[in-house]
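Have the sequence and the 3D view open while you read.

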Amino acid sequence: MAEKKMSSGRKNHLKSLLLQIGEMMLEQEALEAKEQKRRYMEERCPPLSIPGSVQELQELCRKLHIDIDTVDEERYDMDSKVSKSNKEIEDLRIKVQDLKGKFKKPVLKRVRMSADAMLSALLGSKHKVSMDLRANLKQVKKEVKEEEKQTSDWRKNIEDKAGMDGRKKMFETEA
(Lines give C-alpha, C1' and ligand atoms only; values in the text may rest on other atoms or scores of the structure.)
Protein backbone atom coordinates (compact mmCIF):
# COMPACT_ATOMS: atom_id res chain seq x y z
CA MET A 1 0.00 0.00 0.00
CA ALA A 2 1.49 3.25 -1.10
CA GLU A 3 0.73 6.22 1.08
CA LYS A 4 -0.29 9.44 -0.56
CA LYS A 5 2.11 12.29 -0.18
CA MET A 6 0.76 15.47 1.33
CA SER A 7 1.05 18.62 -0.67
CA SER A 8 3.30 21.35 0.70
CA GLY A 9 0.34 23.72 1.11
CA ARG A 10 -1.52 21.17 3.24
CA LYS A 11 1.63 20.52 5.32
CA ASN A 12 2.10 24.23 5.98
CA HIS A 13 -1.58 24.64 6.90
CA LEU A 14 -1.42 21.72 9.39
CA LYS A 15 1.84 23.04 10.82
CA SER A 16 0.35 26.50 11.37
CA LEU A 17 -2.73 24.94 13.04
CA LEU A 18 -0.50 22.94 15.39
CA LEU A 19 1.50 26.05 16.26
CA GLN A 20 -1.69 27.99 17.01
CA ILE A 21 -3.03 25.21 19.25
CA GLY A 22 0.33 25.01 21.07
CA GLU A 23 0.39 28.78 21.56
CA MET A 24 -3.12 28.76 23.01
CA MET A 25 -2.19 25.91 25.37
CA LEU A 26 0.89 27.82 26.58
CA GLU A 27 -1.19 30.94 27.24
CA GLN A 28 -3.76 28.88 29.14
CA GLU A 29 -1.03 27.25 31.27
CA ALA A 30 0.45 30.68 32.06
CA LEU A 31 -2.97 31.97 33.16
CA GLU A 32 -3.54 28.89 35.32
CA ALA A 33 -0.12 29.30 36.96
CA LYS A 34 -0.82 32.98 37.64
CA GLU A 35 -4.22 32.15 39.18
CA GLN A 36 -2.73 29.38 41.31
CA LYS A 37 -0.01 31.75 42.54
CA ARG A 38 -2.63 34.39 43.42
CA ARG A 39 -4.73 31.85 45.37
CA TYR A 40 -1.65 30.61 47.24
CA MET A 41 -0.64 34.16 48.18
CA GLU A 42 -4.17 34.94 49.42
CA GLU A 43 -4.16 31.78 51.51
CA ARG A 44 -0.67 32.21 52.98
CA CYS A 45 -0.45 36.01 53.23
CA PRO A 46 -3.58 37.66 54.52
CA PRO A 47 -3.92 41.40 53.87
CA LEU A 48 -1.78 43.45 56.23
CA SER A 49 -3.54 45.84 58.56
CA ILE A 50 -1.20 48.25 60.29
CA PRO A 51 -2.39 48.98 63.84
CA GLY A 52 -2.07 52.41 65.40
CA SER A 53 -0.58 51.63 68.81
CA VAL A 54 2.97 50.53 69.63
CA GLN A 55 1.71 47.51 71.60
CA GLU A 56 -0.20 46.19 68.59
CA LEU A 57 2.80 46.81 66.27
CA GLN A 58 5.07 44.79 68.54
CA GLU A 59 2.52 41.97 68.60
CA LEU A 60 2.31 42.07 64.79
CA CYS A 61 6.12 41.90 64.52
CA ARG A 62 6.25 38.87 66.83
CA LYS A 63 3.57 37.15 64.75
CA LEU A 64 5.45 37.89 61.52
CA HIS A 65 8.71 36.55 62.99
CA ILE A 66 6.95 33.34 64.01
CA ASP A 67 5.53 33.02 60.48
CA ILE A 68 8.98 33.63 58.98
CA ASP A 69 10.45 30.91 61.19
CA THR A 70 7.81 28.39 60.16
CA VAL A 71 8.33 29.20 56.47
CA ASP A 72 12.10 28.82 56.87
CA GLU A 73 11.62 25.45 58.55
CA GLU A 74 9.35 24.28 55.72
CA ARG A 75 11.86 25.53 53.14
CA TYR A 76 14.70 23.70 54.89
CA ASP A 77 12.64 20.50 55.07
CA MET A 78 11.80 20.71 51.36
CA ASP A 79 15.43 21.41 50.45
CA SER A 80 16.58 18.37 52.42
CA LYS A 81 13.92 16.20 50.73
CA VAL A 82 14.96 17.46 47.29
CA SER A 83 18.66 16.89 47.97
CA LYS A 84 17.91 13.39 49.31
CA SER A 85 15.81 12.62 46.23
CA ASN A 86 18.54 13.93 43.92
CA LYS A 87 21.11 11.75 45.67
CA GLU A 88 18.86 8.69 45.31
CA ILE A 89 18.28 9.46 41.64
CA GLU A 90 22.02 9.75 41.05
CA ASP A 91 22.67 6.46 42.87
CA LEU A 92 20.01 4.71 40.80
CA ARG A 93 21.44 6.20 37.60
CA ILE A 94 24.88 4.87 38.53
CA LYS A 95 23.41 1.42 39.27
CA VAL A 96 21.67 1.38 35.88
CA GLN A 97 24.92 2.30 34.13
CA ASP A 98 26.76 -0.44 36.02
CA LEU A 99 24.13 -3.00 35.05
CA LYS A 100 24.20 -1.96 31.41
CA GLY A 101 27.99 -2.09 31.29
CA LYS A 102 28.40 -5.59 32.69
CA PHE A 103 28.40 -8.47 30.28
CA LYS A 104 30.31 -11.69 29.90
CA LYS A 105 33.21 -11.55 27.51
CA PRO A 106 33.18 -14.49 25.11
CA VAL A 107 36.15 -16.82 25.11
CA LEU A 108 38.19 -16.01 22.05
CA LYS A 109 39.77 -18.74 19.98
CA ARG A 110 43.41 -18.46 19.05
CA VAL A 111 43.81 -18.07 15.30
CA ARG A 112 47.11 -18.64 13.55
CA MET A 113 47.48 -16.02 10.89
CA SER A 114 50.46 -14.45 9.24
CA ALA A 115 51.00 -10.72 9.40
CA ASP A 116 50.21 -10.35 5.69
CA ALA A 117 46.96 -12.27 6.04
CA MET A 118 45.98 -10.20 9.08
CA LEU A 119 46.62 -6.92 7.28
CA SER A 120 44.71 -8.04 4.23
CA ALA A 121 41.80 -9.10 6.45
CA LEU A 122 41.80 -5.75 8.26
CA LEU A 123 42.42 -3.49 5.28
CA GLY A 124 40.58 -5.46 2.64
CA SER A 125 41.75 -6.63 -0.74
CA LYS A 126 42.27 -3.10 -2.09
CA HIS A 127 45.41 -2.43 -0.07
CA LYS A 128 48.47 -4.47 -0.81
CA VAL A 129 50.83 -4.24 2.14
CA SER A 130 53.75 -6.55 2.57
CA MET A 131 55.05 -7.35 6.01
CA ASP A 132 58.29 -8.87 4.74
CA LEU A 133 60.50 -6.73 6.91
CA ARG A 134 63.65 -8.72 6.27
CA ALA A 135 63.65 -7.75 2.59
CA ASN A 136 63.90 -4.05 3.50
CA LEU A 137 66.94 -4.48 5.73
CA LYS A 138 70.51 -3.91 4.57
CA GLN A 139 72.86 -6.83 4.45
CA VAL A 140 75.76 -6.32 6.82
CA LYS A 141 78.90 -8.37 6.43
CA LYS A 142 80.54 -9.49 9.61
CA GLU A 143 84.23 -8.74 9.78
CA VAL A 144 86.48 -10.77 11.94
CA LYS A 145 88.90 -8.52 13.82
CA GLU A 146 92.39 -9.76 14.05
CA GLU A 147 94.04 -9.26 17.35
CA GLU A 148 97.00 -6.95 16.93
CA LYS A 149 98.88 -7.96 20.00
CA GLN A 150 98.92 -11.06 21.99
CA THR A 151 98.58 -10.04 25.58
CA SER A 152 101.16 -11.54 27.81
CA ASP A 153 101.07 -12.07 31.50
CA TRP A 154 100.21 -8.75 33.14
CA ARG A 155 102.44 -9.48 36.10
CA LYS A 156 105.53 -9.41 33.89
CA ASN A 157 104.52 -6.06 32.39
CA ILE A 158 104.18 -4.53 35.83
CA GLU A 159 107.54 -5.87 37.02
CA ASP A 160 109.24 -4.57 33.87
CA LYS A 161 107.75 -1.10 34.23
CA ALA A 162 108.33 -0.85 37.96
CA GLY A 163 110.91 1.68 39.14
CA MET A 164 112.83 4.24 37.10
CA ASP A 165 114.32 1.67 34.80
CA GLY A 166 110.90 0.54 33.72
CA ARG A 167 109.79 4.06 32.91
CA LYS A 168 112.93 4.72 30.99
CA LYS A 169 112.43 1.55 28.97
CA MET A 170 108.84 2.56 28.24
CA PHE A 171 109.90 5.88 26.75
CA GLU A 172 112.76 4.33 24.83
CA THR A 173 110.58 1.67 23.22
CA GLU A 174 107.96 4.15 22.08
CA ALA A 175 110.45 6.53 20.46
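## A pair on helix H1

At 47% relative accessibility, Arg39 counts as partly exposed; that label covers the range between buried (under 20% relative accessible area) and exposed (over 50%), with a 1.4 Å probe and protein chains only. The side chains of Glu35 and Arg39 meet in a salt bridge, 3.8 Å from N to O. A salt bridge here is a side-chain nitrogen of Lys or Arg within 4 Å of a carboxyl oxygen of Asp or Glu. Glu35 and Arg39 are four residues apart in helix H1, so about one helical turn separates them.

## Where the numbers come from

This is a predicted model, in which local features need pLDDT of at least 70 and side-chain atom pairs count only at pLDDT 80 or more, while totals for chains, interfaces and linings use all residues. Residues are numbered from 1 along each chain as its sequence is written, and side-chain values use heavy atoms, with hydrogens and water left out.

## The overall picture

The protein chain has five helices and zero strands, which gives the pattern α-α-α-α-α along the sequence. Helices (H or I, at least four residues) and strands (E, at least two) are DSSP runs, numbered from the N terminus.

How much of the protein chain is buried? Buried residues make up 1% of its 175 residues. The chain exposes about 19100 Å², and carbon and sulfur atoms supply 57% of that. Accessible areas come from the Shrake-Rupley method with a 1.4 Å probe, and for residues only the protein chains shown count as cover.

The structure holds seven salt bridges. Arg62 and Glu59 are three residues apart in H2, so they are separated by about one helical turn. Arg62 is partly exposed, at 48% relative accessibility.

The side chains of Glu90 and Arg93 form another salt bridge, at 3.2 Å from N to O. Both residues lie in helix H2, three residues apart, about one turn of the helix. Glu90 is partly exposed with a relative accessible area of 36%, and Arg93 is partly exposed at 45%. Elsewhere, salt bridges that share partners join Glu35, Arg38, Arg39 and Glu42 into one network.

## The largest pocket

The largest pocket has a volume of about 560 Å³. Of the 20 residues that line this pocket, the closest to its centre are Arg44, Cys45, Pro46, Leu64 and Asp67. On a 1 Å grid over the protein atoms alone, a pocket is an open set of points where a 1.4 Å probe fits, with protein on both sides within 12 Å along at least five of seven lines, and lining residues have an atom within 4 Å of a point. Grid points are joined across faces, edges and corners, and the volume is the space filled by probe spheres set on them.

Helices H1 (8–44) and H2 (54–101) each supply at least two residues of the lining. The largest share, 12 residues, comes from H2. By class, the lining has 11 nonpolar, two polar and seven charged residues. Ala, Val, Leu, Ile, Met, Phe, Trp, Tyr, Cys and Pro count as nonpolar, Asp, Glu, Lys and Arg as charged, and the others, Gly among them, as polar.
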